[in-house]
Amino acid sequence: MLLQTTDPELAKSLNSELKRQQEGLEMIPSENYVSKYVLEALGSILTNKYSEGFPDQRYYGGNQFIDEIEKLAKERAKKLFGVDHANIQPYSGSPANQAAIFALCNPGDTIMGMHLFYGGHLTHGWKVNFSAKYYRSIQYTTGSDGLLDYDQIETLVKKERPKVLFCGATAYPRLYDYPRLAKIIHEVDGYFIADIAHESGLIAAGVIPSPVGYADIITTTTHKTLRGPRGGMILCNGKPSHPLAPLKKGENPREHLPTLIDRAVFPGLQGGPHNHQTAAIAVTLGEALQPSFKIYAEQILKNAKSLADALIDKGFELVTNGTDNHLMLINTTKKGLTGKEAELALDKAGITVNKNTIPFDERSPYDPSGIRLGTPALTTRGMKEKEMEQIAIWISEVFDHSNDEKVLAHIREQVKATTDQFPIYKEIEY
Ligand SMILES: *Cc1c(COP(=O)(O)O)cnc(C)c1O
């Protein structure tokens, strides 16, 4: 059953992308390689079914097996993260954040998050995003050292009294002080949302601290370090009441977060859940509950440390001088290239990274001063510290010879020889 036989035009692109994923060094920190079991669930017949609502409370018939699957995914999420409630229906990370805000705020309420150019996410109040169009958005930055400035956050929170304080970022290489952030926002009676989109796999494995017990609501993607299908989850504590019934007058919203979240996802924002995605998330969470996942997460951190150390050795300047998690930011201008130039040259050498602003960037986001790179995908392939050291050498060579096509092509060949030793999806062909 090959797609090639019925749709060769499309199959050609899929096979090219498969080859690209196999032959390159995938260092975009938000990407990963899912298992073939995740792919199997994702490509299953579950995509055929409508099931608006939640398990045992659906608006469509024939959902007895869908209910089993969604219950299993929810139970695994609760167990993995140690929470009372999990909504696994958000279509992705951005809709999960949208639902979390929608659950807590009225239009015009104040929300506060990290500025996009300092590492924050669009959905935490960036000016062109719904989160700043429908809500009043206040943004915090890092200090000049690239680290979160908790005193600045505290001062802003006291002044602006936001209803919601977000933490979490797409390009922050350090850990968060969850207890401090919780204390800051709870003093003005606001809610603390920890968006762990990037780190959720590391948190699930227990290799970095968890916001559980501090954050009122936790949002995440399922496709970054958690290594699942594209998707989102919202987690919280509290006794789940009837998810489809609104709160009664006088009920304290803080005591009904599970209900508010569920109602925000459906019927607030979404229609039918993507059941094939739900099943693939169940597979992912089952994998993350295995002891081997903790070893994987530990290796992500070891690889990131070893790559960061090797790059610093080669004279690269890293934002905050290193990393505590799976990613790092290089100030490429210190090595004579803009972020865009570095991305392009590395791409020619078979190394995929993305250009990124760095704190207090003086350049534009289209051609910023840095690149962002991470180790989750390479670690899934089985690469270890030894490979990280070699990659740092290649990256350094690319910077020294960024205009020399011959050198870049030669590195690309060496990259391919290495990735051949760490195969992925051997049995797949379209
Ligand atoms: C990736 C990310 C998201 C959004 O996820 P999508 O699935 O791309 O919508 C949200 N928040 C943070 C911090 C992220 O890194």
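Modeller: Helices (H or I, at least four residues) and strands (E, at least two) are DSSP runs, numbered from the N terminus. Under that scheme, Ala-342 lies in helix H13, which spans residues 339–348. The model is a predicted one, in which local features need pLDDT of at least 70 and side-chain atom pairs count only at pLDDT 80 or more, whereas totals for chains, interfaces and linings use all residues. Residues are numbered from 1 along each chain as its sequence is written, and side-chain values use heavy atoms, with hydrogens and water left out.

Ala-342 is buried, at a relative accessible area of 0%; buried means under 20%, exposed over 50% and partly exposed in between, with a 1.4 Å probe and protein chains only. Apart from residues up to four places away in sequence, Ala-342 touches Thr-332, Leu-337, Ile-371 and Phe-399, where contact means heavy atoms within 4.5 Å. Glu-26 is 316 residues from Ala-342 along the chain, and the C-alpha atoms of the two are separated by 15 Å.

Helix H7 (residues 150–160) shows two sides. Its buried residues are Tyr-150, Ile-153, Leu-156, Val-157 and Glu-160. These residues lie on the same side of H7 because they cover an arc of only 125° around the axis, taken from the directions between the helix axis and the C-beta atoms. Their cover includes strands E5 (110–114), E6 (136–140) and E7 (164–167), together with helix H8 (178–186). On the other side of H7, Thr-155, Lys-158 and Lys-159 are exposed. At the start of H7, a side-chain oxygen of Asp-149 comes to within 3.2 Å of the backbone nitrogen of Asp-151. After H7 comes Arg-161, with a positive phi near 45°.

A further site comes from a record: an unreviewed UniProt entry lists Leu-116, Gly-120, His-121 and Leu-122 for "binding site", and such annotations may be inferred rather than shown by experiment. Leu-116 sits in the loop between E5 and helix H6 (130–133) and is partly exposed, at 23% relative accessibility. Beyond its neighbours within four places in sequence, Leu-116 contacts His-121, Leu-122, Trp-126, Gln-139 and Thr-357. His-121 is also in the loop between E5 and H6. With residues up to four places away not counted, His-121 touches Ser-94, Asn-97, Met-114, Leu-116 and Thr-170. The side chain of His-121 also makes a polar contact (2.7 Å) with the side chain of Thr-123. A polar contact is a pair of N or O atoms within 3.5 Å; within protein, one must be able to donate a hydrogen and the other to accept it, and residues adjacent in sequence count only if both atoms are side-chain atoms.
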